[in-house]
Amino acid sequence: MTNATQPIILTGDRTTGPLHLGHYIGSLRSRVQLQHEAKQFLLLADTQAMTDNVGRHQKVTENVVEVALDYLAVGIDPDKSTIFIQSQVPELAELTQYLLNLVTVSRLERNPTIKEEIRLRGFERDIPAGFLTYPVSQAADITAFKATLVPVGDDQQPMIEQTNELVRRFNLTVGREVLVECVAVLSHVPRLPGIDGKAKMSKSLGNAITLGATPDEISKAVHDMYTDPNHLRVSDPGQVEGNVVFMFLDAFDPDTAAVDEMKAHYRRGGLGDSVVKRRLNERLQALIAPIRERRMQFERDRAGVLEILRQGTMRAREAAGATLSEVKGALGLNYFGS
Ligand code: TRP
């Protein structure tokens with residue numbers, strides 16, 4: 001883990017709610033793998049979550065431990081990965097402040113993800129400045145650790161571009177290579193839809209299956225899942241495209257030959273939704289059961305979880321502090337020596 005030739009990974013999640021199967025497929029599963037190959041920092045992005053949750057700060061802080069529990073439950077090993085809380089690393093806020101001078105307001109307004117989020121949240125002209133500038137705080141998160149790899153969803157790619165612009169701007173300004181550029185590591189699995197067929201699974205849309213879901217919650221979610229609305233009788237030919245049950249089977253059933261066989265049967269007609277759903281339910285129950293068990297074990301030991309976060313945060317402060325000293329030194333902000 002301290003091997004200097006290992007890549008450094010930084011990634012994280014906003015702490016606005018517990019994580020769900022979409023996160024599992026999109027990022028958690030690969031983070032469990034990556035922790036053996038890289039020095040991995042996992043950020044609980046509570047500061048960032050505050051930027052669009054003004055007045056809902058309690059939701060943000062309550063979910064810090066929830067997300068940490070999800071990490072531990074899926075098998076993130078705190079001895080291999082450093083899990084830490086963004087707000088408790090003041091070095092990140094400090095670095096953000098210096099980077100903010102290297103970006104214009106109009107460049108911030110052009111970030112496509114920010115534009116889309118402003119539209120979704122209906123901010124119009126009343127955009128919190130902290131929200132508009134969160135890509136800069138994200139750049140601080142990444143560069144403070146000299147991370148070279150940043151696993152993210154495709155909606156986060158503009159953040160990586162903006163980070164690298166800031167890195168180049170900073171290094172050019174101070175005339176030396178202090179900060180390090182990074183690359184986005186995109187997941188190649190298709191995004192998991194919500195159980196209602198909406199493009200994105202999300203807790204707030206109420207179409208998610210969380211990682212702590214009970215057996216009944218899983219069964220109910222599968223039962224309610226959107227299929228082909230025109231597949232009325234078992235004998236009718238059914239549509240597989242856009243059919244959430246099949247999309248989930250593609251994501252979670254390792255027996256692709258059996259799934260292909262079911263798809264063909266469904267298209268021909270003669271295969272009922274209930275049969276396909278039963279299979280998916282079995283797969284999801286088997287996947288989530290051990291995750292839920294581990295989550296419950298950690299939940300019973302909240303003090304232990306907080307201790308993991310405290311130690312991770314200390315390690316993160318040390319790493320970010322080293323970069324911040326270099327940054328301040330390069331800017332001549334070392335009045336009292338380094
Ligand atoms: N923006 C990410 C999200 O919305 C969270 C995040 C904050 C992050 N800082 C980061 C992701 C740094 C990767 C790298 O989920």
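A: Across the interface of domain 1 and domain 2, four residue pairs are in polar contact, with both partners at pLDDT 80 or more. This is a predicted model. On the domain 1 side, helices α1 (21-34) and α3 (57-74) each supply at least two of the residues that touch domain 2. Helix α3 gives the largest share of that side, six residues.

Charged side chains take part as well. Two salt bridges are counted between domain 1 and domain 2. R295 forms a salt bridge with E66. Their closest N and O atoms are 2.9 Å apart.

Now step back to the domains themselves. The domain assignment gives domain 1 as 8-192 + 302-330. Domain 2 is 215-296. The contact takes 13 residues from domain 1 and nine residues from domain 2. The C-alpha centres of the two domains lie 34 Å apart.

How much area is buried between domain 1 and domain 2? The figure is about 930 Å². Carbon and sulfur atoms give 69% of that area. In domain 1, three residues lose the most area to domain 2: L21, A73 and L192. Together they account for 51% of what the domain 1 side buries.

Together, β1, α1 and β2 make a right-handed β-α-β unit. Its strands, β1 (residues 8-14) and β2 (residues 39-45), run parallel and are joined by seven bridges. Within this pairing, R14 stands opposite A45 in β2.

Strand β4 (residues 149-152) pairs with strand β5 (residues 183-186) in the parallel sense, over four bridges. The chain crosses from β4 to β5 through helix α9 (residues 157-174), and this β-α-β crossover is right-handed. V152 has L186 as its bridge partner in β5.

To return to the interface, keep two parts in view. One is helix α3, with its six residues on the side of domain 1 that touches domain 2. The other is the salt bridge between R295 and E66.

Key:
Residues are numbered from 1 along each chain as its sequence is written. This is a predicted model: local features need pLDDT of at least 70, side-chain atom pairs count only at pLDDT 80 or more; totals for chains, interfaces and linings use all residues. Side-chain values use heavy atoms; hydrogens and water are left out. Two strands pair if DSSP finds at least two bridges between them. A crossover is right-handed if, with the strands pointing away from the viewer, the path from the first strand over the helix to the second runs clockwise. Domain bounds come from an automatic or database domain assignment. Contact means heavy atoms within 4.5 Å. Buried area is the accessible area (1.4 Å probe) that two parts lose on being put together, summed over both. A salt bridge is a side-chain nitrogen of Lys or Arg within 4 Å of a carboxyl oxygen of Asp or Glu. A polar contact is a pair of N or O atoms within 3.5 Å; within protein, one must be able to donate a hydrogen and the other to accept it, and residues adjacent in sequence count only if both atoms are side-chain atoms.
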